[in-house]
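Me: I am new to this structure. Please show me how to read its features, one at a time.

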Amino acid sequence: MKSSRTSARLLALALGLGLASSALGVAVPASAQTAAAPSAAASASVAGYAGSAEEAANNKAFFEAVLKSVAEKRAAQPNTQAVTLYYDDSQAPSFRSEISSAASIWNSSVSNVKLQAASSGADFSYYEGNDPRGSYASTNGHGSGYVFLDYAQNQQNDSLRVVTHETGHVLGLPDDYSGPCSELMSGAGPGPSCTDHYPDATERSRVDQLWADTGPAQRPRAW
């Protein structure tokens, strides 16, 4: 591993994301907190399908947190081709089927990053519960990312689409609520009748671009 090149890319990523460390203090809602839940001080956050500048910042923070975890694994395994992101679904038992299906959808859609369940050493976690903000992806401000899945929102919208959409944030995709149903990251913008679970060609290409050539001296490019 060439530390100088890695440092340069880390700096470039940080500049590209434009995130100050103070923007990372988002906590899992009390309704979702169980053993091992993130415990940062709560700050204003919004539902995964509500849309706001703050939500976009939270999604970028999540992506950066995941990258930090991945960087350590890639340094230890420099010859691997695709990046493997390990997730923990133990705190979201009601959604295990949807989480597994969402991982399979992304694994069949992109080549440079793969999702795999793990009982320990996960790069990010899923949580479930009730929250008026709905479902969202965020970070606890201490290097860990998580996806929170709200019960009501998953009942009102196609649950697999919700989970696959939120998982898209893990892979670096921002929201685009004005997009068509065929665009996964349009979320619930097209309405609850939209049940498309798959990323479109542009989204697939973007994820592969973000995670391309992530060798020991490289990291995904900032969006």
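Me: Is Cys194 buried or exposed?

Reply: Buried means under 20% relative accessible area, exposed over 50%, and partly exposed in between, with a 1.4 Å probe and protein chains only. Cys194 has a relative accessible area of 5%, so Cys194 is buried. Cys181 has 27%, so Cys181 is partly exposed.

Me: What should I know about the model itself?

Reply: This is a predicted model: local features need pLDDT of at least 70, side-chain atom pairs count only at pLDDT 80 or more, and totals for chains, interfaces and linings use all residues. Residues are numbered from 1 along each chain as its sequence is written, and side-chain values use heavy atoms, with hydrogens and water left out.

Me: Which residue does a disulfide join to Cys181?

Reply: A disulfide is a covalent bond between the sulfur atoms of two cysteines. Here the criterion is a pair of cysteine sulfur atoms within 2.5 Å. Cys181 is joined to Cys194, with S to S at 2.0 Å. The pair links distant parts of the chain, 13 residues apart, and both cysteines sit in the loop between helix H5 (159–170) and H6. The link of Cys181 and Cys194 is right-handed, with 90° about the S-S bond. The structure holds one disulfide.

Me: How many residues of strand E5 are buried?

Reply: Helices (H or I, at least four residues) and strands (E, at least two) are DSSP runs, numbered from the N terminus. In E5 (residues 145–150), six of six residues are buried. In a regular strand the side chains alternate between the two faces of the sheet. In E5, Gly145, Val147 and Leu149 point one way, while Tyr146, Phe148 and Asp150 point the other way.

Me: Which strand do six bridges join to E5?

Reply: Two strands pair if DSSP finds at least two bridges between them. Six bridges join E3 (residues 124–129) to E5, and the two run parallel. Tyr127 stands opposite Phe148 in E5.

Me: Which residues of helix H6 are buried?

Reply: In H6 (residues 201–210), they are Glu203, Val207, Asp208 and Leu210. They cover an arc of only 160° around the axis, which puts them on the same side of H6. The arc is that of the directions from the helix axis to the C-beta atoms.

Me: Is Gln156 buried or exposed?

Reply: Gln156 has 58% relative accessibility, so Gln156 counts as exposed. Gln156 is found in helix H4 (residues 151–156). The C-alpha atoms of Gln156 and Gly191 are separated by 9.8 Å, and these residues are 35 residues apart along the chain.
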